[in-house]
Amino acid sequence: MTSHADLQQRLHDLAPASWTGLYVGGAWREATGGGTFAVTDPSDGTVLREVADATVEDGVAALDAAVGAAADWAATPARERSDVLRRAFDLLTERTEDVAALMTLEMGKSLEESRGEVAYGAEFLRWFSEEAVRLEGRMVPAPAGGSTILTRRKPVGPVYAITPWNFPLAMGTRKVGPALAAGCTVVLKPAEATPLTAMLLVDVLAEAGVPAGVVNLVTTADAKAVSSRIITDPRLRKLTFTGSTPVGTSLQEQAAPGLLRTSMELGGNAPFVVLDDADLDAAVEGAMAAKFRNIGQACTAANRFVVQRGVAEEFTRRLAEAAAARRVGRGGDEGTDLGPLVDADALAKVTELVTDALDRGATVATGGPEASAALRADLPEGGSWYAPTVLADVPAGARLLAEEVFGPVAPMHVVDTEEEALAAANDTEFGLVGFVYSRDVSRLMRFSAGLQTGMVGLNMGVVSQPAAPFGGVKHSGLGREGGHEGVEEYLDTQYLGLAD
């Protein structure tokens with residue numbers, strides 16, 4: 001049996017004093033001036049650890065290290081880069097319980113889900129270890145004759161990678177993996193709420209043989225100042241960010257004067273469409289994964305349930321029953337399905353959006369404000385607890401249908417026709433992922449062709465996998481992560497014309 005107290009003891013045993021939060025040029029160091037900030041446990045608000053609060057000068061030092069190591073790493077044979085990434089995969093997998101403990105403590109998700117993220121996140125290292133040796137160019141005769149066209153791939157150069165708090169490991173490996181495979185050096189800045197997992201990741205990378213300066217870590221409570229200085233440095237050549245659309249837009253503006261290569265994985269408002277011929281057992285199973293995985297705190301989470309009227313009542317009832325069976329508690333305690341939201345601001349946002357929907361005529365099928373208040377009375381004080389919630393008859397105009405809730409709330413919006421379902425699904429500025437359920441393959445293909453998203457789950461509630469290209473359209477971002485496309489984001493193409 002595992003308890004939350006066991007995880008806290010593991011943190012005490014695991015994290016050496018040398019882990020300050022700044023890893024620059026192959027060594028841990030204190031922040032300039034010695035400043036720190038607290039990393040807290042979202043289940044009770046207690047401080048887990050104080051980590052270095054990097055200054056602008058510390059950020060520049062990290063970039064200095066990445067620039068200094070860039071030429072040697074780019075010249076390192078692809079097979080050697082591949083071998084380093086593969087060793088990192090093996091080491092990370094061996095340390096699954098350590099990594100999972102840190103994630104659960106600092107982010108709040110259940111230990112079972114954290115273990116799943118370790119498997120998912122580590123796989124990016126293995127996948128890109130295989131891609132590292134397949135960075136192919138081409139040689140073709142010029143159509144007009146007289147010369148040969150040659151191309152080769154070269155690393156773009158030093159990378160600044162900014163990762164979010166909701167997937168502390170996988171978002172790091174999804175960026176660092178392809179960068180290292182391509183021959184780029186990296187400055188990694190994790191979210192202020194969840195830096196401990198990133199600290200363990202860079203420790204594993206160093207043990208796997210990543211040379212000094214190739215991967216650097218900067219933790220800071222002043223992300224705006226530190227990031228602005230790094231992004232505007234002319235030596236930086238690539239910016240990759242996962243987070244909200246407003247922040248991504250601001251970073252894109254800062255990157256524009258330097259013409260930086262950018263990858264932006266931004267907000268989502270995923271529709272989960274249940275057509276009237278769907279297998280409802282499969283749809284409910286997929287909905288539980290799409291909505292309640294990671295406590296609903298995922299950019300790919302189903303945000304709006306668009307359900308045809310013929311199956312709406314039955315689907316809502318079944319989903320409510322499944323959601324009500326989920327156990328909410330501290331992530332490290334045995335049997336916990338859903339942990340707390342990441343902080344009080346997240347709780348306030350979820351509460352506000354649910355209240356708006358109820359005021360507009362929606363009804364509670366399970367969960368909601370009263371159940372959440374009861375949870376907060378029973379669970380540790382200081383935790384941002386919210387009950388898994390299903391809302392029926394959410395009307396058009398409710399904020400829940402337009403804004404990303406980022407919590408365990410499933411709003412049901414009923415439509416009559418397939419055409420109405422598609423229009424409702426596309427009625428958003430976002431376009432990351434959509435989910436569609438139907439027994440008719442032709443109908444699935446027709447519907448997905450009209451869906452304005454970068455990814456589509458057809459009769460499946462989770463689409464993310466390292467071998468597939470992850471990314472969106474419209475205000476959900478630019479570029480792709482994962483798959484063969486993922487490493488392309490870190491490569492330039494050089495053309496050579498050779499006279500015959």
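In this predicted model, H10 passes H11 in a right-handed crossing. A crossing is right-handed if the near helix is turned clockwise from the far one by less than a right angle, and left-handed if anticlockwise. Helices here are DSSP runs of H or I with at least four residues, strands are runs of E with at least two, and both are numbered from the N terminus.

H10 covers residues 280-292 and H11 residues 309-324; their axes come within 10 Å and cross at roughly 50 degrees. That makes H10 oblique to H11. The axes are lines fitted to C-alpha atoms, for helices over the stretch in contact, and the angles run from 0 to 180 degrees between N-to-C directions. Under 35 degrees counts as roughly parallel, over 145 as roughly antiparallel, 65 to 115 as roughly perpendicular, and the rest as oblique.

Which residues of H10 meet H11? On the H10 side they are Leu280, Asp281, Ala283, Val284, Ala287, Met288 and Phe292. On the H11 side they are Val311, Glu314, Phe315, Arg318, Leu319, Ala322 and Ala323. By class, the contact of H10 with H11 has 11 nonpolar residues, no polar ones and 3 charged ones. Contact means heavy atoms within 4.5 Å. For the classes, Ala, Val, Leu, Ile, Met, Phe, Trp, Tyr, Cys and Pro count as nonpolar, Asp, Glu, Lys and Arg as charged, and the others, Gly among them, as polar.

A word on conventions. Residues are numbered from 1 along each chain as its sequence is written, and side-chain values use heavy atoms, with hydrogens and water left out. Local features need pLDDT of at least 70 and side-chain atom pairs count only at pLDDT 80 or more, while totals for chains, interfaces and linings use all residues.

Ile295 is not a glycine, yet its phi is positive, at about 65 degrees. Is Ile295 buried or exposed? Ile295 is buried, with a relative accessible area of 2%. Buried means under 20% relative accessible area, exposed over 50%, and partly exposed in between, with a 1.4 Å probe and protein chains only.

There is another positive phi at Asp393, near 55 degrees, again in a residue other than glycine. Asp393 lies in the loop between strand S15 (389-392) and strand S16 (409-415).

Next, the packing around H4. Helix H4 is residues 96-107 and helix H5 is residues 111-131; their axes come within 8 Å and cross at roughly 125 degrees. That makes H4 oblique to H5, and H4 passes H5 in a right-handed crossing. From H4, the contact uses Thr96, Glu97, Val99, Ala100, Ala101, Met103 and Thr104. From H5, it uses Leu111, Ser114, Arg115, Glu117 and Val118. The classes for H4 with H5 are 6 nonpolar, 3 polar and 3 charged.

H4 also meets helix H1, residues 4-14, with axes that come within 9 Å and cross at roughly 115 degrees. H1 and H4 are therefore roughly perpendicular to each other. H1 passes H4 in a left-handed crossing. The H1 residues are His4, Leu7, Gln8, Arg10, Leu11 and Leu14, and they face Glu97, Asp98, Ala101, Leu102, Thr104 and Leu105 of H4. This contact of H1 with H4 divides into 6 nonpolar, 3 polar and 3 charged residues.

Two more single residues. Lys189 is found in strand S8, residues 186-189, and at 5% relative accessibility it counts as buried. Leaving aside neighbours within four places in sequence, Lys189 is in contact with Tyr160, Ala161, Ile162, Thr163, Val218, Thr220, Ala223 and Ser227.

Thr428 lies in the loop between helix H14 (418-426) and strand S17 (430-431). Thr428 counts as buried too, at 14%. With the same exclusion, Thr428 is in contact with Asn269, Arg304 and Lys474. Thr428 and Lys474 are 46 residues apart in sequence and 9.2 Å apart in space, C-alpha to C-alpha.

Last, the overall numbers. The protein has 16 helices and 22 strands. Of its 500 residues, 57% count as buried. Among contacts between residues at least 6 apart in sequence, 74% join residues at least 24 apart. The C-alpha atoms fill a box of roughly 70 × 65 × 40 Å, taken along the principal axes.
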